[in-house]
Amino acid sequence: MALNETYIRKIEYLIDNLPKRVYQPVSEVSFDAFFTFDRLTLAEAILHERKSIASGIAWGKKWEYSWFFVNIELPETCIGKRICFCANLGECLVYVNGKIQGALDKQHKEITLTKSAKGGEKYEIVMEVYA
C-alpha cells in the first residue's frame, strides 16, 4: 500500500520535529581539542596541550585520533530533569569525570549525565574520536 502525499508530509514533519520535543537544549558548549596519531590513555590525553576549536571546522585526518574536552555546570533550571549530553562527532568513547560513561555513534546519540539534576553539578567530559 502506497502512502498518499498527506501522510508522507505528516511523517516528514514528525521526523523533523521529534528531536525538538524530546530534547531541550540547556546551553551550547565550546570544545577544546587536540589531534594526534599516537594512541593515548585518558591520563596522557589530559596532560596534552589543547586549543579551542570552532564549531564547523574540518578535523580528523585518516588514522588520526581526536580528543575533545568540555566542562559543564548545570544551572538551577535543570533541577529534577534528566540531563543528557549530545555530540555529533562520529564514533567516540566518552569519559565523564574521569570514568568511561559510554560511546556515541549513529545509533547512540546521547550520554545520560544524571537522571535527576540537583543544579550546580559539574561534569568534565572528554571524548576520544577516531577518524
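The sulfur of cysteine 78 lies 11 Å from the closest cysteine sulfur, that of cysteine 84, which is too far for a bond. The sulfur of cysteine 86 likewise has its closest cysteine sulfur in cysteine 84, at 5.9 Å, and this separation is also too far for a bond. The structure accordingly holds zero disulfides, a disulfide being a pair of cysteine sulfur atoms within 2.5 Å. Cysteine 78 counts as buried, with a relative accessibility of 2%, whereas cysteine 86 is partly exposed at a relative accessible area of 41%; here buried means under 20% relative accessible area, exposed over 50%, and partly exposed in between, for a 1.4 Å probe and protein chains only.

The model is predicted, and local features therefore need a pLDDT of at least 70 and side-chain atom pairs count only at pLDDT 80 or more, while totals for chains, interfaces and linings use all residues. Residues are numbered from 1 along each chain as its sequence is written, and side-chain values use heavy atoms, with hydrogens and water left out.

The protein chain contains two helices and eight strands, and from the N terminus on these elements follow the order α-β-α-β-β-β-β-β-β-β. The radius of gyration of the protein chain is 18 Å, well over the 14 Å that the globule rule gives for 131 residues, so the chain is more spread out than a compact globule. Helices (H or I, at least four residues) and strands (E, at least two) are DSSP runs numbered from the N terminus, and the radius of gyration is taken over C-alpha atoms, the globule rule being 2.2 Å times the number of residues to the power 0.38. Along its principal axes, the C-alpha trace of the protein chain spans about 55 × 40 × 25 Å.

Of the 131 residues of the protein chain, 31% count as buried. Among the contacts in the protein chain with a separation of 6 or more, 72% are accounted for by residues 24 or more positions apart, where contact means heavy atoms within 4.5 Å. The accessible surface of the protein chain comes to about 9,600 Å², and 54% of it belongs to carbon and sulfur atoms; accessible areas come from the Shrake-Rupley method with a 1.4 Å probe, and for residues only the protein chains shown count as cover. The protein chain carries 17 positive and 17 negative side chains, with the centres of the two sets 5 Å apart. In this count Lys and Arg are positive and Asp and Glu negative, with His and the chain ends not counted, and the place of a charge is taken as NZ of Lys, CZ of Arg, CG of Asp or CD of Glu.

Methionine 127 is placed in strand S8 (residues 122–130) and counts as buried at 0% relative accessibility. Residues up to four places away in sequence not being counted, methionine 127 touches Phe31, Ser66, Trp67, Phe68, Phe85, Ala87, Leu89, Cys92, Leu93 and Val94. The C-alpha atoms of methionine 127 and alanine 103, which are 24 residues apart along the chain, are separated by 8.8 Å. Phenylalanine 34 is found in strand S1 (residues 31–36) and is buried, with 4% relative accessibility. Beyond its neighbours within four places in sequence, phenylalanine 34 is in contact with Leu40, Ala45, His48, Glu49, Arg50, Tyr65, Ser66, Trp67 and Phe69. Phenylalanine 34 and tyrosine 13, 21 residues apart in sequence, are 38 Å apart in space, C-alpha to C-alpha.

Several loop residues complete the description. Most residues other than glycine have a negative phi. Tryptophan 63, in the loop between strand S2 (51–53) and strand S3 (65–73), has a positive phi near 70° and is exposed, with a relative accessible area of 55%. Asparagine 97, in the loop between strand S5 (92–96) and strand S6 (99–104), also has a positive phi, near 50°, but is partly exposed, with a relative accessible area of 41%. Asparagine 88 lies in the loop between strand S4 (83–86) and S5 and counts as exposed at 76% relative accessibility. The C-alpha atoms of asparagine 88 and tryptophan 59, 29 residues apart along the chain, are separated by 13 Å.
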